[in-house]
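Hi everyone, thanks for coming. Please have a look at the structure on the screen, and then I'll walk you through a few parts of its inside.

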Amino acid sequence: MEAGSFNPADTEYIVAQQAAHRAVDGVLQRRLAGDGGEARVCAPSVSSDEIAARFSTYELPASGCSPEAYLATLERRGVHDEMVLQSPNMLGHMSGAIPPWTAPLGRLVHAMHANVVKTETAKVATAVERETVALMHRAFFENDKQFYARHAHDPRVCLGHATSGGTTANLEALWLARNLALPGAESRGLSAALREGGWAEAVLMTSAVAHYSVTTKACGILGLGTENVLSVPTDAFLRVDLVELRAKLERCKAARQCVIAIVAVSGSTDCASFDPLEPIAALAREFKTWLHVDAAWGGGLVFGTGVRDSLLRGICHADSVTVDAHKQLLCPLGFGLILYKSPTAVLTNAKSASYIIRADSHDLGRFTLEGSRPASAYFLHMNLLVLGTRGLCALIDRKLKIAQALAREIADAPDFELLLWPEADILLFRFVPAHLAPRLAAAAPGASGTALAHGAAGSGGGLGGG
């Protein structure tokens, strides 16, 4: 097929596309039919160095090849040695399963090739994303139908939007929090904004188990400095210590330190701990600071039985929430969401450009850090509407029950140690051969989590799940 003749209505284009589809189908069928089939997690005894050696072509050929030839070569070079994240035996990673309709829907989404930066390139996809965001916003903030009828498609406001993942969503939330706490920081710089506000410095407050996208990435990018992340100790269940949190807030107030935000964690990625959101929200209101909830992992559990009133109790009081659709909500990578409680809050960060996103347009790009964005919302939109609340609830409940069952097995196994009883679907455990157990116990007396396994339920752990 000649370069430049990419008209989807052309016969040549259609024939080439159908041939490529058949070739991909063949690769997938052989992948599942290989050793271990769909139960296989990875190819045994194949190292990363061996795989890298197969991909050592560093000069482009003068003449290309057919798509079928490329796929055949890719298969020979070892596509079957890729990790099988969809395997029912896959543990230890946060990329979850995808439903059977995801790949077919992906064909449609990729064929439409919409760019949700503006309606000129995504008229329908923009509406789909706004509706998807409204559905998720209501799951967390529980406003009435009239609220969403007013705001979901109002081009003057934004309830949130899709991102490339939780890292970007967290960054956007804290970008907004900084600009609201320190007006002028974006135009005149952080130093000027601090002087004008009468502040000594700007800090961020979060749990000791907060994600590194907050503590090292966002704070570095926003100019706060990673040393100005005030890490709050956690309790025995790895939830933020409320007494310590209040004490640090009091000290910041006395020292004229501007706390741009408190970041609460709902489902820490290493141990699935859930901070107590209601009392944290009360402290945020008392000290007049933004409350962001990093629920990249735990947010998708909102559809489970009783989760909103237990693990996520109080999340409706957050000013912003991060959720990763590619974790608990069965969407392909990479797909996160940032949600804002107030429809007008993000106007502080709104941008425009005469050539692409005008101030009076319907373009979602006015409110996003990222420019060009794929129409990822279709995947979550379909999952929500195909599964409905009952289907979503059944899936989440099953995941949580499996975690509890596996925790019981690990707690009773002589060669394993359960470190914390799981609240969600991440388990923290370790292999402890019987002959090493006495030495480990002597080296760290009282460190064993076995007592927790048979006692009150605490927070989950960080190896396994998904």
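Let's begin with the largest nonpolar core, which has 99 residues; Met136, Phe140, Leu182, Leu291, Val293 and Leu380 are the ones that touch the most other members. A nonpolar core here is a set of buried Ala, Val, Leu, Ile, Met, Phe, Trp, Tyr and Cys residues joined through side-chain atoms within 4.5 Å. Buried means under 20% relative accessible area, exposed means over 50%, and partly exposed is in between, with a 1.4 Å probe and protein chains only.

Before going on, a word on what you are looking at: this is a predicted model, where local features need pLDDT of at least 70 and side-chain atom pairs count only at pLDDT 80 or more, while totals for chains, interfaces and linings use all residues. Residues are numbered from 1 along each chain as its sequence is written, and side-chain values use heavy atoms, leaving out hydrogens and water.

Phe140 has contacts, meaning heavy atoms within 4.5 Å, with residues including Gly299, Arg308, Ile315 and Leu339, leaving aside residues up to four places away in sequence. There is also a second, separate core of eight residues, with Trp421 and Phe429 among them.

Now for the rings. Rings of Phe, Tyr and Trp (its six-membered ring) pair if their centres lie within 6.5 Å; planes under 30 degrees apart count as stacked, over 60 as edge-to-face and the rest as tilted. By this rule there are three aromatic pairs. In one of them, the ring centres of Phe147 and Tyr148 are 4.9 Å apart and the planes stand at 80°, so this pair is edge-to-face. Both of these residues, Phe147 and Tyr148, are buried.

Phe416 and Phe431 make a tilted pair, 5.4 Å centre to centre with 55° between the planes. Phe416 lies in strand E8 (residues 416-420) and Phe431 in strand E9 (residues 428-431), so the pair ties together parts 15 residues apart in sequence. Phe416 is partly exposed, at 36% relative accessibility, and Phe431 is exposed, at 54%. Ring pairs link Phe416, Phe429 and Phe431 into a cluster.

Last stop, helix H9, residues 190-197: its buried residues are Leu190, Ala192, Ala193 and Leu194. Their cover includes helix H7 (166-181), helix H8 (185-188) and strand E2 (201-207). After H9 comes Gly198, with a positive phi near 75°.

Notes:
Helices (H or I, at least four residues) and strands (E, at least two) are DSSP runs, numbered from the N terminus.
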